[in-house]
Amino acid sequence: MKGFLRFLGKEFTEIVRTWRVWVVPGMLLFMAVSSPILAKLTPALLESVASGQQGIKITIPDPTYLDAYAQWLKNLQQMIAIALLITTGGMIAGERASGTAILVLTKPVSRAAFVVAKFLSQTALLVVATVIGAAVCWGATYATFGEAPPKLLVSMTAVWLAFAVLLVALMTLLSAGLKSIAAGGVGIGGFFVISVLSLWGPALDYSPAGLSVAPNALLAGTPVELAWPLATTAVAVVALVVAGVLVFKTKEL
């Protein structure tokens with residue numbers, strides 16, 4: 001892939017210098033800090049609301065680190081996943097629309113190198129931001145509740161991260177073939193389709209759909225078999241990126 005390493009270095013530089021370093025990473029850091037605090041305050045807030053209603057009494061168990069982990073996971077699976085799909089919709093389409101892509105490709109950079117570098121740079125940003133976010137969440141949880149077993153937090157975050165990399169690969173394909181807004185919309189639709197598929201036993205056991213709900217099972221202490229979902233996710237990631245390269249090669253710039 002001609003010009004791959006040079007273009008990948010350029011992508012990392014642009015990530016640091018532009019808004020991309022703040023959106024998803026910024027959200028992750030905010031969720032990491034706020035999840036334990038929200039988990040700690042929620043019971044008191046609910047009891048306060050209920051106390052103003054005659055005849056209503058709510059008794060809520062004292063929150064624990066599990067509530068903080070659950071809030072962190074909920075944020076990852078909902079808000080962060082959607083934000084990821086929206087922000088990566090223009091990773092290739094945006095450069096096509098602005099004319100930047102044609103300037104890059106007139107230099108010694110192949111279309112395959114262009115697409116793969118885009119995928120890897122977005123994936124690296126996601127991985128680094130998620131690792132830092134998880135570490136901050138662990139620290140905030142320990143400070144709030146006095147205990148925060150790291151193994152559970154690491155395992156459920158790692159499984160979610162594997163699923164999130166699949167979403168980046170999906171957006172690589174969509175952004176290579178569609179406009180930014182369309183890519184984001186189709187990506188969100190695909191995300192919900194995968195979520196629905198997780199309700200079907202075979203898809204849950206053998207496809208990437210299993211990774212969309214596996215973190216919840218880990219949090220609940222339920223045994224989870226991850227070999228097949230991880231294997232099929234790895235295959236799907238490669239297939240989606242390759243498909244993105246092939247689609248991008250057919251596009252006029």
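This is a predicted model: local features need pLDDT of at least 70, side-chain atom pairs count only at pLDDT 80 or more; totals for chains, interfaces and linings use all residues.
Trainee: Let's start with the whole chain. What secondary structure does the protein chain have?

Mentor: The protein chain comes to 11 helices and 0 strands. Read along the sequence, the pattern is α-α-α-α-α-α-α-α-α-α-α. The C-alpha atoms fill a box of roughly 70 × 40 × 35 Å along the principal axes.

Trainee: How many of the residues are buried?

Mentor: Of the 253 residues, 44% count as buried.

Trainee: Phe145 has 17% relative accessibility, so what does Phe145 count as?

Mentor: Use the cut-off again: under 20% is buried. Phe145 is at 17%, and therefore counts as buried. Phe145 lies in helix α6. Phe145 and Leu66 are 79 residues apart in sequence, and 9.8 Å apart in space from C-alpha to C-alpha.

Trainee: What about Ile188, why is that one called partly exposed?

Mentor: Partly exposed is the range between the buried cut-off of under 20% and the exposed cut-off of over 50%. Ile188 has a relative accessible area of 23%, so Ile188 is partly exposed. Its place is helix α8, residues 180-197.

Trainee: Let me have a go with Ile37. What does Ile37 count as?

Mentor: Ile37 has 42% relative accessibility, so Ile37 counts as partly exposed. Ile37 is found in helix α2. Ile37 also belongs to a nonpolar surface patch of about 350 Å², made together with Val33, Leu41 and Leu45.

Trainee: On to charges. How many salt bridges does a search of the whole structure find?

Mentor: The search finds 3 salt bridges. As background, side chains of opposite charge can pair when their charged atoms come close.

Trainee: What makes Lys10 and Glu11 a salt bridge?

Mentor: The cut-off is a Lys or Arg side-chain nitrogen within 4 Å of a carboxyl oxygen of Asp or Glu. For Lys10 and Glu11 the N to O distance is 3.6 Å, so the pair qualifies. Lys10 counts as partly exposed because its relative accessibility is 28%, while Glu11, at 0%, counts as buried.

Trainee: What other salt bridge does Glu11 make with Lys118?

Mentor: The side chains of Glu11 and Lys118 meet at 3.2 Å, N to O. That pair links distant parts of the chain: Glu11 is in helix α1 and Lys118 in helix α6, 107 residues apart.

Trainee: How do you know that Lys118 is buried?

Mentor: Lys118 has a relative accessible area of 1%, so with the cut-off at under 20%, Lys118 is buried.

Trainee: And which salt bridge joins Glu95 to Lys118?

Mentor: Their side chains meet at 2.2 Å, N to O. Glu95 lies in helix α4, residues 93-98, and Lys118 in helix α6, so the pair ties together parts that are 23 residues apart in sequence. Both residues are buried. Salt bridges that share partners join Lys10, Glu11, Glu95 and Lys118 into one network.

Trainee: Last topic, the largest pocket. What lines it?

Mentor: The largest pocket is lined by 14 residues, and Val21, Pro25, Leu125, Val128 and Ala129 lie nearest its centre. The volume of the largest pocket is about 240 Å³.

Trainee: Which helices supply the lining of the largest pocket with at least two residues each?

Mentor: Those are α1 (4-17), α2 (23-51) and α6 (111-145). The largest share, 6 residues, comes from α6.

Trainee: How do the lining residues of the largest pocket divide into nonpolar, polar and charged?

Mentor: The lining has 12 nonpolar, 2 polar and no charged residues.

Conventions: Residues are numbered from 1 along each chain as its sequence is written. Side-chain values use heavy atoms; hydrogens and water are left out. On a 1 Å grid over the protein atoms alone, a cavity is a set of points where a 1.4 Å probe fits but cannot get out, and a pocket is an open set with protein on both sides within 12 Å along at least five of seven lines; lining residues have an atom within 4 Å of a point. Grid points are joined across faces, edges and corners, and a volume is the space filled by probe spheres set on the points. Helices (H or I, at least four residues) and strands (E, at least two) are DSSP runs, numbered from the N terminus. Ala, Val, Leu, Ile, Met, Phe, Trp, Tyr, Cys and Pro count as nonpolar, Asp, Glu, Lys and Arg as charged, and the others, Gly among them, as polar. Patches are made of residues with over 30% relative accessible area and no salt bridge: like charges are joined within 9 Å, nonpolar side chains (Val, Leu, Ile, Met, Phe, Trp, Tyr) within 5 Å. Accessible areas come from the Shrake-Rupley method with a 1.4 Å probe; for residues, only the protein chains shown count as cover. Buried means under 20% relative accessible area, exposed over 50%, partly exposed in between (1.4 Å probe, protein chains only).
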